[in-house]
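Student: I'd like to learn how to read a structure like this one, feature by feature. Can we go through it together?

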Amino acid sequence: MKKYSIVTYLEGQVKQDVRSIQQELFELTGSRECLDSWSPHLTVGNGIEVSEEQISDLEKVIAKFTESQAGFDVELSGF
C-alpha cells in the first residue's frame, strides 16, 4: 500500500501571498526548501492508502468526480 494525497495548486494572488509567506519563512529559518522545491498548494485531507491493484480504479473515480466540480475560494489568515 502507498499513501496518496490530493493536492490543488494555487494560482493568482493567493499563490503570490503564499510565496511571500514562504519567503518570510526562508528569512527566519534559512531553509530554502519551500522556495526551491514546493509550488504553493493545498493538500486536501491526510491522504489515502491505495494498493497497486486499486490505482486504476482510483484514477477513474477521481476523473469522474472532478468533471462535475467547480472551483472554490480559499482564504488564508492568521499568519
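Student: Let's begin with Lys-2: how exposed is it, and how do I read that?

Tutor: Keep in mind that this is a predicted model. For exposure, look at relative accessible area: under 20% is buried, over 50% is exposed, and partly exposed lies in between. Lys-2 comes out at 47%, so it counts as partly exposed.

Student: Which element does Lys-2 lie in, and which residues is it in contact with?

Tutor: Lys-2 belongs to strand 1, which covers residues 2-9. For contacts, set aside the neighbours within four places in sequence; what remains for Lys-2 is Ile-48, Glu-49, Val-50 and Glu-52. Compare that with a plain C-alpha distance: Lys-2 and Asp-57 are 55 residues apart along the chain, and their C-alpha atoms are separated by 15 Å.

Student: And Gly-45, is that buried or exposed?

Tutor: Gly-45 has a relative accessible area of 60%, and because the cut-off for exposed is over 50%, it's exposed. You'll find Gly-45 in strand 2, residues 41-50.

Student: What order do the elements run in?

Tutor: Read from the N terminus, it goes β-α-α-β-α. The radius of gyration is 16 Å, well over the 12 Å that the globule rule gives for 79 residues, so the protein is more spread out than a compact globule. The C-alpha atoms fill a box of roughly 45 × 30 × 20 Å along the principal axes.

Student: How much of the protein is buried?

Tutor: Buried residues are 11% of the 79.

Student: How do I check a helix?

Tutor: Start with the general idea: an α-helix has 3.6 residues a turn, so residues three or four places apart point the same way. Then compare the span with what's expected. Helix 1, residues 12-29, has 18 residues and reaches 26 Å from first C-alpha to last, close to the 26 Å expected at 1.5 Å a residue. Just after helix 1, Gly-30 has a positive phi of about 80°.

Student: Last one: what lies over the face of Phe-26?

Tutor: Arg-32 does, at 5.0 Å from the ring centre. As for aromatic pairs, a search of the whole structure turns up 0.

Methods: Residues numbered from 1 in each chain as written. Predicted model: local features only at pLDDT ≥ 70, side-chain atom pairs only at ≥ 80, totals over all residues. Heavy atoms only, no water. Phe/Tyr/Trp six-rings, centres within 6.5 Å; stacked < 30°, edge-to-face > 60°. Lys NZ or Arg CZ within 6 Å of the ring centre and 35° of its normal. Helix = DSSP H or I, 4+ residues; strand = E, 2+ residues; numbered from the N terminus. Buried < 20%, exposed > 50% of the residue type's maximum accessible area, 1.4 Å probe, protein only. Rg over C-alpha atoms; globule rule 2.2 N^0.38 Å. Expected span 1.5 Å × (residues − 1). Contact = heavy atoms within 4.5 Å.
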